[in-house]
Amino acid sequence: MSYTNEYLEALERIDTNNRGVKGLRYFLDTAHQWHTIFQNDSCDPKRDGSAAPLVVVLGHGIPEQLIYACGTTPLHLLGGSHASCQWSDDFVPRDSDPASRSILGYALKLAENPNVKPLFVVPVTNDNMRKIAYLLARQGHATLPVDIPPTMATSPTQHAWEQSLRSLVKATERHVGIRATARSIQAAERLVGSARKAMVEFERSCIACEGVLNTEARLIVLNSYYQTNSLTQWTNALKELTTQITARHRTLGRPTSNAPRTLVVGSPILFPQYKVAGLLEDAGLYLLATADASSTSRYSSLSARELHGGVQHLIGAIARRHYAVDSSGAHVVNQALEQYVEFLFGSMRVDGVVFHTLKGQIEHDFLYARMEPMLERYDIPAFRLETDYQYQDVEQLRIRLEAFAEMLEQRTFAFEARGTNVRRSA
């Protein structure tokens, strides 16, 4: 399948399956515009038509408000495309994890365009990302690796992390030609904070108004946060969509389904690679929420008291706040993600957990092992789903997920027959 067909087919499917929700169109268009950057006939990847150089962030782990504060919108490359994996085949082993291969493919395609000079910001969350940073630098591209400490146990480690983000700001300033000020950092923090708050409200509305948007539509809306070239417009559109979802649910009066309510933990499910989302729906599982590298940052924002001081003070405050909730794979112990999952367990009914692991991303298996006592405490069954961006394993995974769904349904019936809760509290 060609790259264009890959994302267009996904967009058409989401549009067809969610007709009637007019506010969704903005987010479908946002995703479409982002992906046309990487079409072979694309002549200008600068989405806003500006002459400013691109600042390109490879993956999660960077507080993006520091880039916004330098007067430019970051272009995020997160993976999610099987076609973009093929663009990097000559540079990495084919058994590398598909997300890293897809990210590198996007970066190499972008670097081919003579109209732009990107600065590649690479959060070093694993060894693959370190090698990608080396490869891009060796090819002569402006590259800034940002080491994320595996633990913030000592003052020197915290200092090193804050210095890394100060270096990020300086490199972005030089590349863009605009200097960050205390006022611009404060404005960027408020801009990103408003968007994150809107995302949290959107997720809550989708759960409360089950049945208005399907899983793929909800995911593409959240993913598009990393694809918009106008975060203010995106935030306003998301607030309007949230209002529409509530109104439509009230009008339709749809009852909540009896499908087992499931969390997906681990590797992010990214557009256009929505194989896992489709498998969950086919198996009769309802996706409550995802807990991955992008989830916890939605709860990170500075208080009004912290938004005072000079540039260096603000960078340090953002660095500390971001690290406290960072759930990227860089951490030896992914405490932020564990705490977020436990928060979800305590705030909603969860029938089961699907641990989604892309082949090669073994950090999620360590997370699974650490979370087993929590699952036992809450009496929540778990299913490990390992896959990649290809479709050869779809039927095998569907059969296994259907068996998992059937087991969850039988547990629910058994609990209801005994007149007890579906799960016990911690």
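Reader: Let's start with α1 and α9: at what angle do their axes cross?
Author: Helix α1 (residues 3-17) and helix α9 (residues 215-223) have axes that come within 9 Å of each other. An axis here is a line fitted to C-alpha atoms, for helices over the stretch in contact, and angles run from 0 to 180 degrees between N-to-C directions. Helices (H or I, at least four residues) and strands (E, at least two) are DSSP runs, numbered from the N terminus. For α1 and α9, the axes cross at roughly 120°.

Reader: Before we go on, what sort of model is this?
Author: Residues are numbered from 1 along each chain as its sequence is written, and side-chain values use heavy atoms, with hydrogens and water left out. Local features need pLDDT of at least 70, side-chain atom pairs count only at pLDDT 80 or more, and totals for chains, interfaces and linings use all residues; the model is predicted.

Reader: Back to that crossing of α1 and α9: is it left-handed or right-handed?
Author: Under 35 degrees counts as roughly parallel, over 145 as roughly antiparallel, 65 to 115 as roughly perpendicular and the rest as oblique; α1 and α9 are therefore oblique to each other. As for hand, a crossing is left-handed if the near helix is turned anticlockwise from the far one by less than a right angle, and right-handed if clockwise. The α1 and α9 crossing is left-handed.

Reader: And how many charged residues are in the contact of α1 with α9?
Author: Taking contact as heavy atoms within 4.5 Å, L11, R13 and I14 of α1 meet E216, A217 and I220 of α9. They split into 4 nonpolar, no polar and, on the charged side, 2. (Ala, Val, Leu, Ile, Met, Phe, Trp, Tyr, Cys and Pro count as nonpolar, Asp, Glu, Lys and Arg as charged, and the others, Gly among them, as polar.)  So much for the classes; the charged count is 2.

Reader: What about α8 and α10: how are they oriented to each other?
Author: Helix α8 (residues 182-208) and helix α10 (residues 231-252) have axes that come within 9 Å and cross at roughly 20°. That makes α8, relative to α10, roughly parallel.

Reader: How many nonpolar residues does the contact of α8 with α10 have?
Author: This crossing is left-handed. The residues that meet include L191, V192 and F202 in α8, and L231, W234 and L238 in α10. By class there are 2 charged and 7 polar residues, and the nonpolar ones number 13.

Reader: Which hand does the crossing have where α7 passes α12?
Author: The axes of helix α7 (residues 155-176) and helix α12 (residues 311-325) come within 9 Å and cross at roughly 120°. These helices are therefore oblique to each other. Among the residues that meet are W161 and L165 in α7, and I315 and Y323 in α12. The crossing is right-handed.

Reader: Which class does the aromatic pair of W87 and Y106 fall in?
Author: Rings of Phe, Tyr and Trp (its six-membered ring) pair if their centres lie within 6.5 Å; planes under 30 degrees apart count as stacked, over 60 as edge-to-face and the rest as tilted. The whole structure has 19 such pairs. For W87 and Y106 the centres are 6.0 Å apart and the planes at 80°, so the pair is edge-to-face.
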